[in-house]
Amino acid sequence: MINNIKGFVEQLNYDAEVFGNSFEYSGKRIFISGMGGSGAVADLLSDWLDGEIIPVKGYNLPAFAENGDLGIFVSYSGNTEETLSVLDKALRRGLKCICISSGGALEEIARDRGLLFLKVPSGFQPREAYGFLISAVVKALKIVGYLSEDAQREYSSAVGKLSNYLPELSSEDSKTYEVAGKLYRRIPLIYSQFYSVAVRWKNQINENAKNFAHISIFPEHNHNEIEGFEFPDFLKDKAWIIFLRTDFDHGRVKLRMEVVKEILREEVVGISEVWAKGESKLEQILYLIWFGDFVSYWLALMNSTDPYRIDRINSLKERLKIHTSGG
Ligand code: PA5
């Protein structure tokens, strides 16, 4: 897995194979449907493009999605039932649809119907293929004429510069290893303004390190979670806060994070912060995400667990297969 984490930048440069019928999209709304490691792409695009993208997690297409809107369906395996369910609804409602997978039912449906389909390499865990999935969605948005020249330049430049950080992120004497050490045997409380960053950290820590983690998004955190530190008592001995910070955080969020550090200092075992590097918002978001991927890997090693193993997810999917009801 470490080699695939190191290979993130190559994945972000991947040129996915394209099949099916192309089209132009000049509308405004774009729904990206996907779950887990695949759905994380929708979160990234939504944060990067300032909410123009609407992530769809679950079985249902939002009621306001209508004929002519664009839907992008991302499932690494191509067999995720929630994503297939949303695709079915989108096709019936007349959305323009693009599918992205390494194979599976999503590829079959796309090919049968002549939908625009981008194929990513197989043989990875979905969360390890994050860079492939991001580059495929970016390519799809380019093909349909949606992604502005400025956004395309920002993507190329961010990805170009990201590889400079590989040495400082990937070694065992790096800050990534140090942060993993702080989280060992603890409950990470991950705080960020950007949902895509916080949730990717959590998901990677959950799946790779089999470690519980919690996220909270600023400034919403300040209006509820900040009161939740009196109970249970063990938080004081177990919780470790990580602030994930960017230059693109709202000025008041930067201030709020400083104040929250003062208020919660005595309520948890410790507090760390990771400042993003890079120039553009996308570069900073990708830097933090990549940082977290390494943290999750080191934490898996510290927890003596196999980062590949996802027994509970597999068992859940197997058990659901035998029950056809509930659709
Ligand atoms: O990382 C994982 O294995 C999961 O989070 C999957 O991404 C999730 O279950 C959805 O599967 P897929 O990515 O194949 O659509």
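Student: Before we dig in, what are the ground rules?

Tutor: Residues are numbered from 1 along each chain as its sequence is written, and side-chain values use heavy atoms, leaving out hydrogens and water. The model is predicted, with local features needing pLDDT of at least 70, side-chain atom pairs counting only at pLDDT 80 or more, and totals for chains, interfaces and linings using all residues.

Student: Which residues come nearest to the ligand?

Tutor: Call a residue near if one of its heavy atoms lies within 4 Å of the molecule. The shell around the ligand divides into 4 nonpolar, 6 polar and 3 charged residues (Ala, Val, Leu, Ile, Met, Phe, Trp, Tyr, Cys and Pro are nonpolar, Asp, Glu, Lys and Arg charged, the others, Gly among them, polar). Of these 13 residues, the nearest are S38, S75, S77, T80 and E207.

Student: How far is an oxygen atom of the ligand from an N or O atom in the side chain of T80?

Tutor: Let's go through some polar contacts, meaning pairs of N or O atoms within 3.5 Å. A ligand oxygen is 2.9 Å from a polar backbone atom of G37, and one is 2.6 Å from a side-chain N or O atom of S75. For the side chain of T80, the distance is 2.5 Å.

Student: Which helix gives the largest share of the lining of the largest pocket?

Tutor: A pocket is an open set of points on a 1 Å grid over the protein atoms alone, with protein on both sides within 12 Å along at least five of seven lines; lining residues have an atom within 4 Å of a point. The ligand takes up the space of the largest pocket. Helices are DSSP runs of H or I, at least four residues, numbered from the N terminus, and α3, α4 (81–93) and α14 (311–321) each supply at least two lining residues. The largest share, 7 residues, comes from α14.

Student: Which element gives the most to the lining of the second largest cavity?

Tutor: A cavity is a set of grid points where a 1.4 Å probe fits but cannot get out. With 4 residues, the top contributor is α10.

Methods: Polar contact = N/O pair within 3.5 Å; in protein donor to acceptor, adjacent residues only side chain to side chain. Sits in = over half its atoms within 2 Å of the grid points.
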